[in-house]
Amino acid sequence: MLEPSHNNELPVIPGKRYFTIGEVAELCAVKAHVLRYWEQEFPQLSPVKRRGNRRYYQRADVITIRQIRSLLYDQGYTIGGAKQKLSSHEVKDDTSQYKQLIRQMITELEDVLDVLNAPLR
């Protein structure tokens with residue numbers, strides 16, 4: 001199981017290139033049907049589709065989904081308001097995404113440090 005991160009109790013995003021819709025649903029604490037709906041509403045979300053229309057999300061997609069989730073669930077925006085906020089320059093300049101990335105990197109580096117400091121067998 002994934003360790004919870006230090007922010008919003010969401011799991012740490014693993015260092016993978018692609019994520020299935022089920023993995024993203026778990027990482028972002030939303031249901032898969034909500035993700036499919038958000039794809040229709042937010043042009044920023046465009047997962048890669050492969051065999052049988054299976055969706056594969058990249059790390060940037062997961063971060064965007066977490067931003068959308070925060071706008072809708074934590075900050076109380078409507079879908080329209082969240083769309084406007086995401087498409088404006090405010091979000092691009094917003095430091096919250098960078099803070100989330102930095103926290104993620106710190107967690108991953110701490111994990112690497114734990115592995116390096118583990119006694120040899």
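The model is predicted; local features need pLDDT of at least 70, side-chain atom pairs count only at pLDDT 80 or more, and totals for chains, interfaces and linings use all residues. Residues are numbered from 1 along each chain as its sequence is written, and side-chain values use heavy atoms, with hydrogens and water left out. The chain has six helices and three strands. Of its 121 residues, 35% count as buried.

**Fold**

- Helices (H or I, at least four residues) and strands (E, at least two) are DSSP runs, numbered from the N terminus.
- Along the sequence, the pattern reads β-α-α-β-β-α-α-α-α.

- Buried means under 20% relative accessible area, exposed means over 50%, and partly exposed lies in between (1.4 Å probe, protein chains only).
- Accessible areas come from the Shrake-Rupley method with a 1.4 Å probe; for residues, only the protein chains shown count as cover.
- Helix H2 spans residues 32–41, and its residues Val34, Leu35, Trp38 and Glu39 are buried.
- Seen down the axis of H2, these buried residues fall within an arc of 145°, so they line one face of the helix. The arc is that of the directions from the helix axis to the C-beta atoms.
- His33 and Gln40 are exposed, on the other side of H2.

**Salt bridges**

- Side chains of opposite charge can pair when their charged atoms come close.
- A salt bridge here is a side-chain nitrogen of Lys or Arg within 4 Å of a carboxyl oxygen of Asp or Glu.
- Lys16 and Glu23 pair at 2.6 Å, N to O. Lys16 is partly exposed, at 38% relative accessibility. Glu23 is also partly exposed, with a value of 29%.
- Lys83 and Glu41 pair at 3.1 Å, N to O. Lys83 lies in helix H4 (residues 79–87) and Glu41 in helix H2, so this pair ties together parts that are 42 residues apart in sequence. Lys83 is partly exposed, with a relative accessible area of 32%.
- Glu108 and Arg59 pair at 3.0 Å, N to O. Glu108 sits in helix H6 (residues 95–117) and Arg59 in helix H3 (residues 59–74), so the pair ties together parts that are 49 residues apart in sequence. Glu108 is partly exposed at 28%, and Arg59 is partly exposed at 24%.

**Positive surface patch**

- Arg17, Arg50, Arg51 and Arg54 form a positive surface patch.
- Patches are made of residues with over 30% relative accessible area and no salt bridge; like charges are joined within 9 Å, and nonpolar side chains (Val, Leu, Ile, Met, Phe, Trp, Tyr) within 5 Å.
- Lys and Arg count as positive and Asp and Glu as negative, while His and the chain ends are not counted. The place of a charge is taken as NZ of Lys, CZ of Arg, CG of Asp or CD of Glu.
- Arg17 is in the segment before strand S1 (18–20). Arg17 counts as exposed because its relative accessibility is 62%.

**Positive phi**

- Most residues other than glycine have a negative phi.
- Ala29 has a positive phi of about 55°. Ala29 is in the loop between helix H1 (21–28) and H2, and is partly exposed at 44% relative accessibility.
- Asn53 has a positive phi of about 60°. Asn53 lies in the loop between strand S2 (48–50) and strand S3 (54–58), and is exposed, with a relative accessible area of 53%.
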